[in-house]
Amino acid sequence: MIKIVLALFFVGCLGSSGQSSGQFYTSNQCTCEQLSFQSDCTTMGPQCTWDGTSCSTLDCDKITDSVACAANLKCMWTTTSSGTSCKPFTFCSQISGATQMQCLLSSNNCPFTNGTKCGSSNQLHSCSHFTASQYCEGYISQDGICMWRDGDGCTAAQNCTQLNQQECYLAKYGCKYTSNTCSQLLCSDYTTQQSCTFVMSVINKGDYQLCSWDSTAGKCSAAQNYGGLGQGNCYTTTLGTSRWVSTSTGGECLSCYAKIALAFITTLVMIMI
């Protein structure tokens, strides 16, 4: 059950692209090179390095953190008789993994496993492929996260109303549990300025809606644009999908549009902070 909800926050990889009003998508993660400030470069993680003036991506062999290595689509974390290290990515089939998570911990390029070897996202099964709960529950598929329901078999969790009470409570950024029902969390459900940040608007896609606090009315509502974000919170509030760009008038928060195939681990780490 917990595995399902954790997986829901991994699926920024299968999300939408582009930006509309105050929305952002975890499939559009910034690259190191797009970050202009040291604070953002440092927040990005150990796959980036700041040379005093700019942010750049470390070569694979210089990355010593396994999560950062796996999140960099040009690299993969390998284990050999001589130890573990980060190497340039070649093929998913060269990575061994008995579970999806083992494969993803080696490379975000490779969410599939046949039980022995890893594979790419186009090899993923649909939820209906599974006929037993032990194989279905929490499986990351192209159509969403799989869950087992007696009578319905294996289906994709695509909205909050499909989640039970415990799953709903765990999916705190996307869902709320009221009147014995799990439903979509809205910006208007936040009652303080501190909590008024964002909501996951589509739980199986990694689609988010920015929230905006109205100090006069004392209410939180869906933001219409990125205007409320500054240099200090542009990158972090959008979960690493936007960066601050200096302009003649001061600066603005812009989406990175660095489309990446799979950003499971990076997205989860950011959300859990």
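Student: Through how many residues does a hairpin join strand 8 to strand 9?

Tutor: This is a predicted model, and in it the hairpin between strand 8 and strand 9 runs through 2 residues.

Student: How many bridges join strand 9 to strand 10?

Tutor: Strand 9 and strand 10, the latter covering residues 153-157, run antiparallel and are joined by 5 bridges, with Cys146 standing opposite Ala156 in strand 10. The hairpin of these two strands has 3 residues between them, and there Gly151 takes a positive phi near 95°.

Student: Turning to the rings, what describes a pair of aromatic rings?

Tutor: Such a pair is described by the distance of the centres together with the angle of the planes. In this structure the count comes to 6 aromatic pairs. For Phe24 and Phe198 the ring centres are 6.0 Å apart and the planes stand at 85°, so this pair is edge-to-face, given that planes over 60 degrees apart are classed in that way. The pair links distant parts of the chain, since Phe24 belongs to strand 1 (residues 23-25) and Phe198 to strand 13 (residues 198-202), 174 residues apart.

Student: Are Phe24 and Phe198 buried or exposed?

Tutor: Phe24, at 2% relative accessibility, counts as buried, and Phe198, at 9% relative accessibility, counts as buried as well, where the cut-off that matters is under 20%.

Student: How are the rings of Tyr173 and Phe198 arranged?

Tutor: Their centres lie 5.8 Å apart and their planes meet at 20°, so the pair of Tyr173 and Phe198 is stacked. Tyr173 sits in the loop between helix 6 (165-170) and strand 11 (175-178), while Phe198 is in strand 13, so the pair ties together parts that are 25 residues apart in sequence. Tyr173 is buried, as is Phe198.

Student: Which residues do ring pairs link into a cluster?

Tutor: The cluster linked by ring pairs consists of Phe24, Tyr173, Phe198 and Tyr208.

Student: How many helices and strands does the chain have, and what share of its residues counts as buried?

Tutor: The secondary structure comes to 8 helices and 17 strands, and 46% of the 273 residues count as buried. Among contacts between residues at least 6 apart in sequence, 44% join residues at least 24 apart. The accessible surface of the chain comes to about 13100 Å², with 51% of that surface belonging to carbon and sulfur atoms.

How values were computed. Residues are numbered from 1 along each chain as its sequence is written. This is a predicted model: local features need pLDDT of at least 70, side-chain atom pairs count only at pLDDT 80 or more; totals for chains, interfaces and linings use all residues. Side-chain values use heavy atoms; hydrogens and water are left out. Rings of Phe, Tyr and Trp (its six-membered ring) pair if their centres lie within 6.5 Å; planes under 30 degrees apart count as stacked, over 60 as edge-to-face and the rest as tilted. Helices (H or I, at least four residues) and strands (E, at least two) are DSSP runs, numbered from the N terminus. Buried means under 20% relative accessible area, exposed over 50%, partly exposed in between (1.4 Å probe, protein chains only). Two strands pair if DSSP finds at least two bridges between them. Contact means heavy atoms within 4.5 Å. Accessible areas come from the Shrake-Rupley method with a 1.4 Å probe; for residues, only the protein chains shown count as cover.
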